[in-house]
Amino acid sequence: MGKTVLVLGAGMVGTCTALHLQQRGVDVTLIDRRGPGEETSYGNAGLIQREAVEPYAFPRELNFVLRAALGRGAEVHWHARGLRHMAIPLIQYFHQSRPAAHAHATQSYSRLIAYALEEHAPLIAAAQAEQLVQRDGFRFVFRTPRAFARAVERAQRLQDQFGVRFTAEDKAALSRSEPTLRQELAGAVHWLDPWAVQDPGALVQRYAALFAARGGRLLRGDAKTLRASGAGWSIQGEGGHIEAEQAVIALGPWSQQCLRDLGYRYPLFIKRGYHQHYPQSLGLRQPLLDAERGYVLAPMRLGLRLTTGAEFAPIDAPPTPIQLRKTEAMASELLDLGPPRPDPAWVGSRPCTADMLPVIGPAPRHPGLWLNFGHAHQGFTLGPISGRLLAEMICGETPRVDPSPYLPQRWPG
């Protein structure tokens, strides 16, 4: 084919983009300032969420918003400086979360989610990563009967509309499934389709190793130095300038700064998240979301990972693990966590868009520049299908999914 492409960002999205381009005969260089899977892709809950057909909307319940504003809940924390910086996209996010607009976004979002397992499966097999993956689902657990009943209704609606499978478990069934839970809960929605990855960073590293084994170049470089160079693009790497005919920005939460340097102003914002590990011998069998408290517990290689909800803060703000302390107390009601591992708490950033859809496609004003970011909570889930979709566009193939809802041109910036 003769094409050369720089892919900036070696997280799940960038690595899968590089793999799909490589499969189509493109000469690809994958570039990051760190090793593959060491940023946002490392710190998530490790779930490939086939059930996540609805994007996360801005909560519109008045009680929730007031509780978050006053810092009383654990689901959301915010920095005043972060809210100032993100005010315009957050207002747009609130507007796009109206029921009609959210339903419209769900139709586009669910088309990507539908291919999550199907696109991960061949990469997992080729990367010899089967031992990292558990394929028996993910639970949403509920403390009150009312919340449980509403969740079952929602699950039935999603199953009817999108084919995602679930089982409703009453308190007795949940106790049999997870006997180490210390508190009797109202019940659980057991989503049957999701896969759990015991080390999400390691899965990205396996994918990157597969890319390298197939002849791809994996280099360190500084995305801030990306420049148009003649008829192509260049970036400063460890050994000097690296050049190619085309470039892909797949930098997750760092895409925003790169785009600003190129003159784009898209409604992007950051949701930060934290995790902490606890030693686990006889603990959970499967990951669970404490749905009325907003945190996830997931068995990992390093122990039990406690993952928090959203913190609205600048990407460079010092860590403020307030949510970790709150959720640790809540999780201790369900499990005997014991003391955390000595490793420091991890903090990372999720790249979000105001309309809740990723940005996938050509940059409007820069020939040969392509974008693949903005997956919010689901970059780990959507990396393979997003990478395939962009590779198909770059190579002039008929895309597996209609790309029009995700194109950068949907915004004037």
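Of the 413 residues in the protein chain, 57% are buried. The structure is a predicted model. The side chains of the protein chain include 45 positive and 37 negative ones. The centres of these two sets are 4 Å apart.

The protein chain contains 13 helices and 21 strands. Its radius of gyration is 21 Å, close to the 22 Å given by the globule rule for 413 residues, so the protein chain is as compact as a globular protein of that length. The C-alpha trace spans about 65 × 45 × 45 Å along its principal axes. When contacts between residues at least 6 apart in sequence are considered, 77% of them join residues at least 24 apart.

Among the strands, β3, β9 and β5 form an open sheet of 3 strands, arranged in the order β3-β9-β5 with antiparallel pairing. The edge strands of this sheet are β3, at residues 47-48, and β5, at residues 133-134, each of which pairs on one side only. Strand β9 covers residues 195-197 and is joined to β3 over 2 bridges in the antiparallel sense. Within this pair, Ala196 of β9 stands opposite Leu47.

A further antiparallel pair consists of strand β20, residues 359-362, and strand β21, residues 369-373, which are joined by 4 bridges. Gly361 has Leu371 in β21 as its bridge partner. The two strands form a hairpin with 6 residues between them, and in this hairpin Gly368 takes a positive phi near 85°.

Gln131 is located in the loop that lies between α7, residues 116-126, and β5. The relative accessible area of Gln131 is 45%; this residue is therefore partly exposed, since that class lies between the limits of under 20% for buried and over 50% for exposed residues. With residues up to four places away in sequence not counted, Gln131 touches Gln198, Arg206 and Arg301. Leu324 is 193 residues from Gln131 along the chain, and the C-alpha atoms of Gln131 and Leu324 are separated by 29 Å.

How values were computed: Residues numbered from 1 in each chain as written. Predicted model: local features only at pLDDT ≥ 70, side-chain atom pairs only at ≥ 80, totals over all residues. Heavy atoms only, no water. Rg over C-alpha atoms; globule rule 2.2 N^0.38 Å. Buried < 20%, exposed > 50% of the residue type's maximum accessible area, 1.4 Å probe, protein only. Contact = heavy atoms within 4.5 Å. Lys, Arg positive; Asp, Glu negative; His and termini not counted. Charge placed at Lys NZ, Arg CZ, Asp CG, Glu CD. Pairing = 2+ DSSP bridges.
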